Amino acid sequence: MRTRLISMRFGPLLSGLLLALATTALVAAPQASAASGVAAVGEALQQGPVYVAPGAEAQLSTAQADALAKKIKDAGKPVFVAVLPATAEFPADKVLGAVRAETGITGLYAIRLGNGFDAGADKAVMPRNAVRNLTEAVKTGAPVNANTQLNNFVDQALTQVKGGAPASWGTTGADQGAPVGGLIALGAVAVVGGGGAYALVRRNRKKKEETRREAIARLAVVVDEDITAFGEELERLDFHPGEPGADDAMRGDYEQGLDSYEKAKQIMASVQRPDEVKGVTQALEDGRFALATLDARRQGRPLPERRSPCFFDPRHGPSTEDATWAPAGGAARTVPVCTADAVRLRDGLDPAVRTVETERGPRPYYDAGPAYGPWAGGYFGGGILPGLLVGTMLGSMMSSPAYAADFGGGTGSGFEGGDVSGADFDPSDFGGGDFGGGGFDGGGGFDGGGGF
């Protein structure tokens, strides 16, 4: 009786699901067979992360493609891999950009063309230099099998690429010459309907927007304190352009300070993304150095060296020396410090660390969560920040792909990793390896010099 009731209740739904899947399969098959060249590659990658084209099956077996696709999908990152034969159908100098345009999804694209290899990425997903370095890392002076090379590349890329997997991907492994999970994904769309898929995308984007708004709200408190503190520094300096002894250099420093103050306020008033806060703190740091230079001119002291701000609290102004310091339970490292904090450390005292409010009460900014990464990044740019934050909570979070996607990246285009952007991408922002500069050698071999 129980089985009969279940059948009566859910039988029509299951029948409808099977019918939809069957119908979808019948509809999808002609489309898949009709497409060829980069169009077929684009269709396939819209449905899964790995595609092996007809004629390239010897490069990557079904089992190997399945495993590689599962690895990418388990990580949930927008990494696309295509294994293609070195034929006229895939012109070496154009295939990378053409596949990106046909797929239409912001991401990192790796292509094995014959025995050649290259990769490209949208700027929102991975910087050009990072793509180039990853690409060179998996190349050798002689041909290497596709499975080894692609897995090496993907393993390194998944820890660095920003954004998430596109919603269009299915849940099964890769298939030679066919999209990964294509029929299941298409069947699900047929059953749920376009509105359901759209609702899922909307929920994901809404969650991301809520996370960003919360991050901006937290940042706003800290940044407003910084802007206020800088305004107070301007007042305490009490400089008047017409005062006795004032010269053009002093007036230039003061004008720089005022400009930085206004710039910081203007940027903060228009911030829409957490990473935009970097511009605020960069402006404040420029302004603080200008005021330190002005003060030295007025006092007749040697002009200060342009250094990073005090690590413990950028409001302390430019650092004056480097000191050895270790966070609680962490390894010692060298950090830039102001004179007052240098004295405290030599006396065995705790430095005056900037604290921010958290759910656990006031905490040092470097142990307060990922939202403060953009704030710190504006003060400590140029690659210095990762080394300073090793072993801290913020440092650990900033090294994760999730942090990069939610707080650290973005080009202003509105498209992130996994977003459907169609062919709306800037070729100059989609690069890595030698994209656009010759790329694959067209003969199926390595040239050992950075191209395909």
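Buried means under 20% relative accessible area, exposed means over 50%, and partly exposed sits in between (1.4 Å probe, protein chains only). This is a predicted model, where local features need pLDDT of at least 70, side-chain atom pairs count only at pLDDT 80 or more, and totals for chains, interfaces and linings use all residues. Residues are numbered from 1 along each chain as its sequence is written, and side-chain values use heavy atoms, with hydrogens and water left out.

View A. F312 counts as buried because its relative accessibility is 0%. W325 also gets the buried label, at 8% relative accessibility. Two rings of Phe, Tyr or Trp (its six-membered ring) pair if their centres lie within 6.5 Å; planes under 30 degrees apart count as stacked, over 60 as edge-to-face, and the rest as tilted. Here the ring centres of F312 and W325 are 5.3 Å apart and the planes sit at 80 degrees, so this pair is edge-to-face. Helices (H or I, at least four residues) and strands (E, at least two) are DSSP runs, numbered from the N terminus. F312 is in the loop between α10 (277-299) and β5 (321-325), while W325 belongs to strand β5, so the pair ties together parts 13 residues apart in sequence.

**View B. F239 and Y254 make a tilted pair.** The search of the whole structure turns up 16 aromatic pairs. For F239 and Y254, the centres are 5.0 Å apart and the planes are at 55 degrees, so the pair is tilted. F239 lies in the loop between α8 (194-237) and α9 (248-269), with Y254 in helix α9, so the contact ties together parts that are 15 residues apart in sequence. F239 and Y254 are both buried.

**View C. L84 and the largest nonpolar core.** The largest one has 49 residues, and V81, L84, L108, M126 and F153 have the most contacts inside it. What does L84 touch, leaving aside its neighbours within four places in sequence? With contact meaning heavy atoms within 4.5 Å, L84 reaches V41, Y51, A53, A56, F90, V95, I111, R112, L113 and G114. There's also a second, separate core of 41 residues, which includes V222, M268, F312 and A376.

**View D. C310 and C338, with no disulfide.** A disulfide is a pair of cysteine sulfur atoms within 2.5 Å, and by that rule the count is zero. C310 is in no disulfide, and its nearest cysteine sulfur, that of C338, is 3.7 Å away. C310 is buried, because its relative accessibility is 0%. C338 counts as buried too, at 7%.

**View E. E359 reaches R218.** A salt bridge needs a side-chain nitrogen of Lys or Arg within 4 Å of a carboxyl oxygen of Asp or Glu, and the whole structure has 19 salt bridges. In the one between E359 and R218, the closest N and O atoms are 2.3 Å apart. E359 lies in the loop between β7 (355-358) and β8 (361-364) and R218 lies in helix α8, so the bridge ties together parts 141 residues apart in sequence. E359 counts as exposed at 66% relative accessibility, whereas R218, at 30%, is partly exposed.

View F. E225 bridges to R354, with the closest N and O atoms 3.0 Å apart. E225 is in helix α8 and R354 is in the loop between α11 (339-346) and β7, so parts 129 residues apart in sequence are tied together. E225 is partly exposed, with a relative accessible area of 35%, but R354 is buried, at 1% relative accessibility. Salt bridges with shared partners join E225, D226, D313, R315 and R354 into one network.

**View G. D253 bridges to R297.** The closest N and O atoms of D253 and R297 are 2.6 Å apart. This pair links distant parts of the chain, with D253 in helix α9 and R297 in helix α10, 44 residues apart. D253 is buried, with a relative accessible area of 12%, while R297 is partly exposed, at 29%.

Conventions
Core = buried A, V, L, I, M, F, W, Y, C linked by side-chain atoms within 4.5 Å.
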